[in-house]
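The sequence and the structure are shown first, and the description follows.

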Amino acid sequence: ASLSIVARPGSGRLWVSRCFVVGGLCTFLGLFRRGSSGPADIASWLLRLLLPSLSRRMMIPALQKESVAIKCPDRVKEVLMSMREGGEQKLQVISDFDMTLSRFGFNGKRCPTCHNAIDNSRLVSEVCRKQLKDLCNTYYPIEIDPNRSIEEKFPLMVEWWSKAHMLLCQEKIQKESIAPIVKDSGVMLREGYDIFFNGLYRSNIPLFIFSAGIGDILEEVIRQAGVFHDNVKVVSNYMDFDENGILIGFKDDLIHTYNKNNTVLKDTDYFKQFASRTNIILLGDTLGDLSMADGVSDVENILKIGFLNDKVEEQRQMFLDAYDIVLVKDETLDVANGVLHYIGVNK
């Protein structure tokens with residue numbers, strides 16, 4: 001099957017249409033039917049040429065959404081068709097969590113991240129909560145500042161995460177409190193999450209979640225949503241509790257927005273066991289997420305889908321340059337699910 005992708009002139013939006021070319025040519029034929037036969041003959045020839053491919057066209061309805069923007073439609077078409085040919089057996093999915101699989105906002109309000117789930121909870125004192133908020137107000141603008149390089153942001157993100165984790169460790173958080181606070185936190189998976197997680201599980205496609213959030217919170221969010229299946233692997237910042245179940249630190253190397261790559265991947269056997277899965281769908285919401293697939297040694301095709309949630313105009317061009325498909329303020333997994341369906345998942 002062939003995939004037809006049309007980009008609207010002057011915009012980055014991607015449109016998939018069955019009738020655009022055919023309708024235009026039919027109109028063209030009608031206009032010249034009574035006049036010179038030259039243009040009509042040309043239009044008829046083009047119509048006969050295009051009809052076979054048009055009849056085999058595979059639509060991805062989600063790509064017609066206003067939230068979709070694409071810089072290079074031809075590349076997206078090429079990658080999608082190659083992935084479709086490879087099928088489920090060659091596919092794996094690598095994704096960020098906060099603001100990618102989870103919502104950025106709901107009903108006009110900002111949704112919490114994994115860290116926020118604790119920051120906003122009864123587990124921390126008012127003094128600690130204010131300090132954590134001050135850190136966010138200081139470092140978050142730096143994290144998304146399009147005028148700063150990743151090299152410049154890197155040490156500042158280490159500072160932010162390290163200070164935040166140190167503050168949390170002073171609060172004597174109990175392990176048994178994690179599930180209740182997640183339930184009351186307001187962290188929400190994006191609309192369509194059930195189709196996404198369950199579809200990958202039924203098709204035996206591995207989902208690797210690479211998160212700079214808190215792994216214990218992340219896992220509990222997915223678990224409470226009923227979609228934490230055996231095909232899901234998480235690499236994140238995990239809490240370290242003492243024998244009494246009190247938080248005393250965080251395990252292994254610190255993971256922040258801009259070091260999500262081989263430098264912190266301890267379980268290299270994960271990607272080795274899926275060496276034959278050379279087609280990758282990557283989901284992220286920052287430029288730092290683009291390196292999440294670095295642990296895959298042999299990549300045949302990679303489709304990068306980026307969620308542009310905040311500071312849209314300031315970051316639009318950077319996202320269009322970096323991601324194959326950019327989703328602007330889109331709180332759903334419609335595009336990811338549409339792509340998976342096109343490749344053969346959930347059919």
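## A hairpin of two strands

Asp-240 stands opposite Gly-249 in strand S10. This pair belongs to the contact between strand S9 (residues 239-241) and strand S10 (residues 247-250), which run antiparallel and are joined by 3 bridges. S9 and S10 form a hairpin with 5 residues between them. In the turn, Gly-245 has a positive phi of about 75 degrees.

## The protein as a whole

The model described here is predicted. The protein has 12 helices and 13 strands. Of its 347 residues, 54% count as buried. Among contacts between residues at least 6 apart in sequence, 72% join residues at least 24 apart.

Strands of a sheet pair through backbone hydrogen bonds, either parallel or antiparallel. In this protein, 7 strands form an open sheet in the order S3-S13-S12-S11-S4-S7-S8, and the pairing is mixed. S3 and strand S8 (232-237) stand at the edges, each with a single partner strand, so one side of each is left without a neighbour in the sheet.

Strand S13 covers residues 325-328. Ile-325 and Leu-327 point one way from S13, whereas Val-326 and Val-328 point the other way. All four of these residues are buried.

In which sense does S13 pair with strand S3, and in which with strand S12? Strand S3 (residues 68-69) and S13 run antiparallel and are joined by 2 bridges; here Ala-69 stands opposite Val-326. Strand S12 (residues 301-308) pairs with S13 in the parallel sense over 4 bridges. On that side, Gly-306 stands opposite Val-326, and Ile-305 stands opposite Ile-325. Between S12 and S13 the chain passes through helix H11 (residues 312-322), and this β-α-β crossover is right-handed.

## Helices against the sheet

H11 touches S3, S12 and S13, and its direction makes about 175 degrees with that of S12.

Helix H12 (residues 334-343) lies across S3, strand S4 (91-95), strand S11 (279-284), S12 and S13. Its direction runs at about 170 degrees to S11.

## Two pairs of packed helices

Two packed helices are described by the angle between their axes and the distance between the axes. Helix H3 (residues 73-86) packs with H12 at an angle of about 50 degrees, and their axes are 8 Å apart. H3 and H12 are therefore oblique to each other. At this contact, Leu-80, Met-81, Met-83 and Arg-84 in H3 meet Val-339, Tyr-342 and Ile-343 in H12.

How are helices H7 and H9 placed relative to each other? Helix H7 (residues 178-185) and helix H9 (residues 215-224) pack at an angle of about 65 degrees, with their axes 9 Å apart. An angle of 65 to 115 degrees counts as roughly perpendicular, and H7 and H9 are therefore roughly perpendicular to each other. The crossing in which H7 passes H9 is right-handed. From H7, the residues Ile-178, Ala-179, Ile-181, Val-182 and Lys-183 meet Asp-216, Ile-217, Glu-220, Val-221 and Gln-224 in H9.

Technical notes: Residues numbered from 1 in each chain as written. Predicted model: local features only at pLDDT ≥ 70, side-chain atom pairs only at ≥ 80, totals over all residues. Heavy atoms only, no water. Buried < 20%, exposed > 50% of the residue type's maximum accessible area, 1.4 Å probe, protein only. Pairing = 2+ DSSP bridges. Right-handed = clockwise from strand over helix to strand, strands pointing away. Axes fitted to C-alpha atoms, helices over the stretch in contact; angles between N-to-C directions. Parallel < 35°, antiparallel > 145°, perpendicular 65-115°, else oblique. Left-handed = near helix turned anticlockwise from the far one by under 90°. Contact = heavy atoms within 4.5 Å.
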